[in-house]
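Subject: Handing over a structure

Hi there,

Here is the structure I promised to pass on to you.

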Amino acid sequence: MAAKQATAPPLEEQLDMLRSMLEIRFFEDECQRLFARGAVRGSTHLYQGQEAVAVGGCRALREGDTMTCTYRGHGATLAMGAPLAPTFGEIFGKARGLCKGKGGSMHLTDVTVGALGSHAIVGAHLPIANGAAFASVYRKTEEVHLCFFGDGSTNIGGFHEALNLASLWKLPVIFVCENNLYGEYSPIALTTPVARIVDRAAAYAMRGEQIDGNDVIGVWREIGAAAARARAGEGPTLLEAMTYRQRGHSRTDPATYRPDGELERWLERDPILLHEAALRESGVEDGQLAAVRAGAEAAVAAALAEALEWPEPDPEERFDDVWAAA
Amino acid sequence: MAEVTYREAINRALADALAADDSVFLLGEDIAAAGGVFKQTDGLQARFGAERVLDTPISEQAIVGLTIGASLQGLRPVAEIMFADFAAVTYDQIANQLAKYRYMTGGQVTVPVTIRLANGVSGGFGAQHSQAPENWFLNVVGLKIAVPATPADAYGLIRTAIADDDPVLVFEHKALFNTKGELDDEPQALPFGVAEIVRPGSDLTIVATQAMRPRALEAAAALEAESISVEVVDPRTLVPFDHETVGASLDRTNNLVVVQEAPPGGSWGATLIARLVEERLDSFDSAPVLVAADETPIPYAESLEQAWLPSTERIAAAVRETLAVAVPVSQG
């Protein structure tokens, strides 16, 4: 039997979830500024507006659980607990970055906190997520795996192969589709015949739920419940978290394809504002909320300043880490 | 010492690896209850249980992806790709995920995955079930590639592959499954990157792998009657490649023929020749020759298929023609 789930974490934890969401927001705002100035190379895929999914989901996990995500993965990696400065450092291509400057924005990984990888081939990590979950079954442990992906991932073969096998083998994996309404530049209805992605769960005899992805406590509750079922041997769940990408697909996309008023409507449901309002209703003073916000902003600013000072990798380091064994 | 088939040696290697290390498990299509379509895994599920020898859906991306995730968590997965041609179905998982995972994470992880693939022409499977596609992976850095030709090599290279902390593709040649050879009663793992001089000779070096190795030996035996002394070298792994042994052989014989069961473009044979010319031009008495398969898809009809493959006669003819125009270095 699945353990009975609490309806919300303790208030102190809820405040820390706010801190985490704010750190991700400020982190992404800084990334956006740096990329816009051309101060950072490559591409980047920003997460503003979706913070409740990553934070609610990762905070529902236990020590030893693991997570994979997409190239829009700064938020999920930070939500698992990756430190701010090495995360900035990796995006800046610094030797002290999370991946020593070998991965970049799209491949943020910190296995020490269970962030097994950000994946840049759409849908390719769902089969990999199954493997992490399979290891728990094989070793008869209770760890679960949380797999984030976008709505655009659900039209590629890897999604279907992975859900089929996960359900067949009752793997302890939670598939969380972050439906931000756009697959790259295309609105979801242009590419996907089902109105609700979660309806695809039925094809794999899998439990599926559509949830509010901008309600961090709701996400925490639903992913926690799915994790409890997975730990109890009841297999995977597909959750469709409805949310909104407040920025374009990548740094070159001004997102002019949005219908009038859509962004404004979603900004009113900004997950950070919603969570702050909920905390106020729980009796948290405005001053306390302001202090959390100021603390997050200061932490991001300090990490940014630190990481910008770090050296580039020595060119000879490009030969390292190809092989495990000589 | 006992005589076993190549298939039995593969089975023994997998059984010994499963027995030696609890973190080893096997998965693939029809490998468990059915024992594999070519029976390499026959009896292993009965012996080691359904938790360690698993049948999968026909889902090559799911199979290879699962090995990656499980290896990140410390397991040593061994996946079977029923026909090596099907690697194309899961090329992203092998080339973009498996091969690069360690590097892209700055060495945070190892991915000790073994993928076994049934390789090559073995009589009428047609263009999509007969290829020897190890060349598809040569340009992807991060994968080791083993190409055993004998039972002892199959055993030894599979044991090394499974124990290795890097991803390894082991190509098991379908035409060799029933061939026999000696296997030690307590067979040992065989290190990667060590070529075998299968037959010593002094006039010309033939480099050949897998099903081309017995053909090269047949050609060498036929040429001996013509007083031509051919050395046959089998590299046994393409990555890492034993350039030292092959280069030293060329330095002795000064003439080179490379034989491969695949078309010439972008191949290990062409790459080997390019490198030897670059590094050892002075060692050549004649232009090196690549005896390759024809530049067509693999045809079905027996007459067409057998003509497509490099034959013993073609190999012998290439040797004769090469030596006929050879000008010894000392006189050049």
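What percentage of the 332 residues in chain B do buried residues make up? The figure is 55%, where buried means that 20 or more other C-beta atoms lie within 10 Å of the residue's own, exposed means 12 or fewer, and partly exposed is in between, with C-beta atoms placed from the backbone.

Before the rest, a word on conventions. This is a predicted model, in which local features need pLDDT of at least 70, side-chain atom pairs count only at pLDDT 80 or more, and totals for chains, interfaces and linings use all residues. Residues are numbered from 1 along each chain as its sequence is written, while chains are lettered from A and ligands numbered from 1 in the order in which they are written.

Chain B overall

Chain B contains eleven helices and 14 strands (DSSP runs numbered from the N terminus: H or I of at least four residues for helices, E of at least two for strands). Its C-alpha trace spans about 65 × 45 × 40 Å along the principal axes. The radius of gyration of chain B is 20 Å, which agrees with the value near 20 Å for a compact globule of 332 residues; this radius is taken over C-alpha atoms, and the globule rule is 2.2 Å times the number of residues to the power 0.38. Of the contacts in chain B between residues at least 6 apart in sequence, 79% join residues at least 24 apart (a contact means C-beta atoms, placed from the backbone, within 7 Å).

Two domains

Chain B is assigned domain 1 (2-183) and domain 2 (196-326), with bounds from an automatic or database domain assignment. Their centres, taken over C-alpha atoms, are separated by 27 Å. Where they meet, 25 residues of domain 1 of chain B are in contact with 22 residues of domain 2 of chain B. On the domain 1 side, strand 6 (144-146) and helix 6 (151-163) of chain B each give two or more residues, and strand 6 of chain B has the largest share, with three residues.

The chain A and chain B interface

Between the chains, 33 residues of chain A are in contact with 34 residues of chain B. Helix 5 of chain A gives the most to the chain A side, with nine residues. That side divides into 19 nonpolar, nine polar and five charged residues (Ala, Val, Leu, Ile, Met, Phe, Trp, Tyr, Cys and Pro count as nonpolar, Asp, Glu, Lys and Arg as charged, and the others, Gly among them, as polar).

Core and covered helix

The largest nonpolar core has 194 residues, and those with the most contacts inside it are A:I174, A:V176, B:I206 and B:V257. Such a core is a set of buried Ala, Val, Leu, Ile, Met, Phe, Trp, Tyr and Cys residues joined through C-beta atoms within 7 Å. In helix 2 (residues 51-59) of chain A, nine of its nine residues are buried.

Backbone details

B:V239 and B:P240 are joined by a cis peptide bond, with omega about -5°. B:D30, which is not a glycine, has a positive phi near 60° and is partly exposed, with 16 C-beta neighbours inside 10 Å. B:S227 also has a positive phi, of about 60°, but counts as exposed because it has 7 C-beta neighbours inside 10 Å.

Best wishes

Methods: Contact = placed C-beta atoms within 7 Å.
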